[in-house]
Amino acid sequence: MLTQLEAAKKAEITSVVENAAEYEGLSPELLRDEIAAGRLVVPANVMHLSWNLTPRAIGRKVSTKVNANIGMSDVRSSIEDEKAKMAVAVDAGADAVMDLSTGGDLDYVRSELISACPLPFGTVPVYEAITGRNVEDITPDLILEIVEKQAKQGVDFFTIHAGLLREHLPLLKSRVCGIVSRGGALTAKWMLHHNRQNLMYDLFDDLCDIMHEYDVCFSLGDGLRPGCGADATDDAQIAELRTLGELTQRAWERGCQVMVEGPGHVPFNQIEENMRLQQEICKDAPFYVLGPLVTDIAPGYDHITSAIGGTAAAYYGASFLCYVTPREHLGLPDNEDVRQGVVASKIAAHSADVARGHNDSAERDRRLSKARADLDWDTQIRLSLDPKTAKRMKDDASKNSAMSQEQADYCTMCGRDWCSVRINREIRDNL
C-alpha cells in the first residue's frame with residue numbers, strides 16, 4: 001500500500017487528500033502536488049483512518065494549524081480528566097492532539113484517547129520507553145517494539161528525537177537552561193551513559209520501515225530547542241537542525257511524510273531568521289513550533305507570549321503551532337487552561353493567515369466587521385473565534401446595564417447617546 005507521499009509522487013489523489021482539500025476549500029490537485037514536494041503533510045495512520053479520523057493538512061499552502069498537548073504524569077493520573085481536556089481542545093478549535101502521558105497505564109490511556117479523537121493524534125514514543133525503567137536500560141529493540149505497537153494503535157505522528165547527536169553535547173556548555181526537552185534530556189543521558197551515538201539516529205531506517213507500513217508521519221523532534229531567550233539560535237540548536245535536514249531527506253527517500261519541530265523560546269527579532277534557516281536546511285518541510293515564546297518573564301501568561309511569537313513564526317514560515325497554556329512552566333493544565341491555550345494559538349494562526357493573504361482568512365474578519373458596523377450582534381458572535389465566551393460577555397454586559405437584550409442599536413460600553421457605531425450609521429444613512 002502506498003503512503004500519502006508515495007501516492008502523491010505518482011500523481012494520485014487519495015480520498016484522504018480529497019477530504020483534507022475540501023476542509024481547506026482548495027483543490028485536491030494543489031494538496032497532492034505540495035505533498036509530493038514534501039512541503040505539506042496529512043498525518044493519517046491507516047488504522048486511525050479506519051475508525052474516526054478526519055484528515056487535516058499541514059503546510060504553507062493551507063491554513064496554519066494548532067496542536068493541543070494533553071497527558072497524565074506520575075503525580076496526576078486520570079483518564080477521565082484527559083478525555084475532558086481533549087474534548088475541550090477539539091471544541092475550542094484544535095487541529096491535532098498530542099498525548100504526552102508519562103504516568104498511568106499508557107497503553108490504555110492511548111487507546112482510549114485515540115478511539116475518541118477525530119483529529120490527527122501524536123505521541124512521543126521515548127516517553128513510554130522510560131516508564132518503569134531507568135533511561136540507561138533502553139535498548140534498540142525496545143524502541144522499535146514501542147514504535148510499532150503505537151503505530152498499530154493508530155498514532156498519526158511521532159515525535160522522534162533522532163537529530164540530537166553525541167557531537168552536539170559539548171555545544172551546551174554555554175547555555176543558560178541546557179536541555180529543556182524531556183526527550184532530548186533522556187536521549188543525552190543515554191548517550192553519555194553508554195558512550196554511544198543516539199540510538200534513534202542509528203535506528204532511523206528501521207523506524208522509517210515501521211512508519212511507512214502504517215503511514216505514520218515523522219515529527220522530527222528538536223531535543224536541543226532553546227529553553228530561554230538567551231539560548232535561542234545558538235550553535236547547539238542549529239547543529240541539530242542540520243541533522244534534522246539530513247533525516248528529512250532520508251525519510252522522504254523511504255516514502256515517509258515529515259514535519260520538523262522547532263523552538264521554543266526565541267526573542268521576537270530572531271524569529272524570522274529561525275524560520276528562514278529551517279526552510280533552507282529542511283527543504284521547506286512543514287515547520288512545527290512550540291510557541292515560540294518571545295520573553296521569559298511571564299509565568300501565568302505564557303499563552304500570550306507564545307501567541308505573539310506564534311503569529312510571527314506562522315507569518316515567516318511555520319505551518320503548525322503547538323499551543324502553550326497559561327500554566328506553562330508552572331504545572332499541568334486544567335480544562336480552562338487548555339481552552340485558553342487553544343484559543344490564543346488559534347488567534348495567532350488566524351492573524352498570520354490574514355497577514356500572509358491566505359485564502360479567505362481576511363474575508364472572515366471583514367464579515368465580522370460589517371456585522372459590528374451594523375450592530376448585528378448575533379452574526380458578530382457567530383463569526384467570532386470563541387462564540388461561547390463572546391456570547392457570555394455580551395449577555396453579562398446587557399444584564400448589568402440599562403440595556404435590554406432586545407435593544408441592539410447601541411453597545412453597553414458607551415450607552416446610546418455616546419455609541420459611535422450607532423452615530424456612524426446615522427451619518428452613513430444621510431450621506
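Student: At which residues does UniProt place the feature "binding site"?

Tutor: The unreviewed UniProt entry places this feature at Cys411, Cys414 and Cys419. The structure discussed here is a predicted model.

Student: Why is Cys411 called buried?

Tutor: Cys411 has a relative accessible area of 7%. Buried means under 20%, so Cys411 is called buried. Cys411 is placed in the loop between α18 (387-399) and α19 (420-429).

Student: What makes Cys419 count as buried or exposed?

Tutor: The relative accessibility of Cys419 is 0%. The cut-off for buried is under 20%, and Cys419 therefore counts as buried. The loop between α18 and α19 is also the place of Cys419.

Student: How do you know whether Ser101 is buried or exposed?

Tutor: Ser101 has 5% relative accessibility. Ser101 lies in the loop between β4 (96-99) and α6 (106-116).

Student: Which residues is Ser101 in contact with, leaving aside its neighbours within four places in sequence?

Tutor: Ser101 is in contact with Ile70, Gly71, Met72, Leu106, Val109 and Tyr127. Contact requires heavy atoms within 4.5 Å.

Student: What makes the pairing of the Ser101 and Asp99 side chains a polar contact?

Tutor: The two side chains are joined at 2.6 Å. A polar contact takes a pair of N or O atoms within 3.5 Å, and the pairing of Ser101 with Asp99 is a polar contact. The side chain of Ser101 also reaches the backbone nitrogen of Met72, at 2.9 Å.

Student: Why does Ser384 count as buried?

Tutor: Ser384 has 14% relative accessibility. Buried means under 20%, so Ser384 counts as buried. Ser384 is found in the loop between α17 (377-383) and α18. Leaving aside its neighbours within four places in sequence, Ser384 is in contact with Arg364, Leu368 and Ala390.

Student: What span is expected of helix α15, and what does the helix reach?

Tutor: Helix α15 (residues 335-355) has 21 residues. The expected span is 1.5 Å times one less than the number of residues, which gives 30 Å for α15. From first C-alpha to last, α15 reaches 30 Å, close to the expected value.

Student: What is found at the start of α15, and what follows the helix?

Tutor: At the start of α15, a side-chain oxygen of Asp334 comes to within 3.2 Å of the backbone nitrogen of Glu336. After α15 comes Gly357, with a positive phi near 70°.

Student: What covers the buried residues of α15?

Tutor: The covering elements include β3 (65-70), α5 (79-92), α14 (302-316), β10 (320-322) and α16 (361-373). Among the buried residues of α15 are Asp337, Val338, Gly341 and Lys346.

Student: How do you know that β9 pairs with β8 and with β10?

Tutor: Strands pair if there are at least two bridges between them. Three bridges join β8 (residues 258-262) to β9, and these strands run parallel. Three bridges likewise join β9 to β10, which also run parallel. Val260 stands opposite Phe287 in β9, while Val289 has Leu321 in β10 as its bridge partner.

Student: What handedness does the crossover from β9 through α14 to β10 have?

Tutor: This β-α-β crossover is right-handed. With the strands pointing away from the viewer, a right-handed path from the first strand over the helix to the second runs clockwise. The unit made by β8, helix α13 (residues 268-281) and β9 is likewise right-handed.

How values were computed:
Residues are numbered from 1 along each chain as its sequence is written. This is a predicted model: local features need pLDDT of at least 70, side-chain atom pairs count only at pLDDT 80 or more; totals for chains, interfaces and linings use all residues. Side-chain values use heavy atoms; hydrogens and water are left out. Helices (H or I, at least four residues) and strands (E, at least two) are DSSP runs, numbered from the N terminus. Buried means under 20% relative accessible area, exposed over 50%, partly exposed in between (1.4 Å probe, protein chains only). A polar contact is a pair of N or O atoms within 3.5 Å; within protein, one must be able to donate a hydrogen and the other to accept it, and residues adjacent in sequence count only if both atoms are side-chain atoms. UniProt positions are given in the numbering used here, feature names are shortened, and annotations may be inferred rather than shown by experiment.
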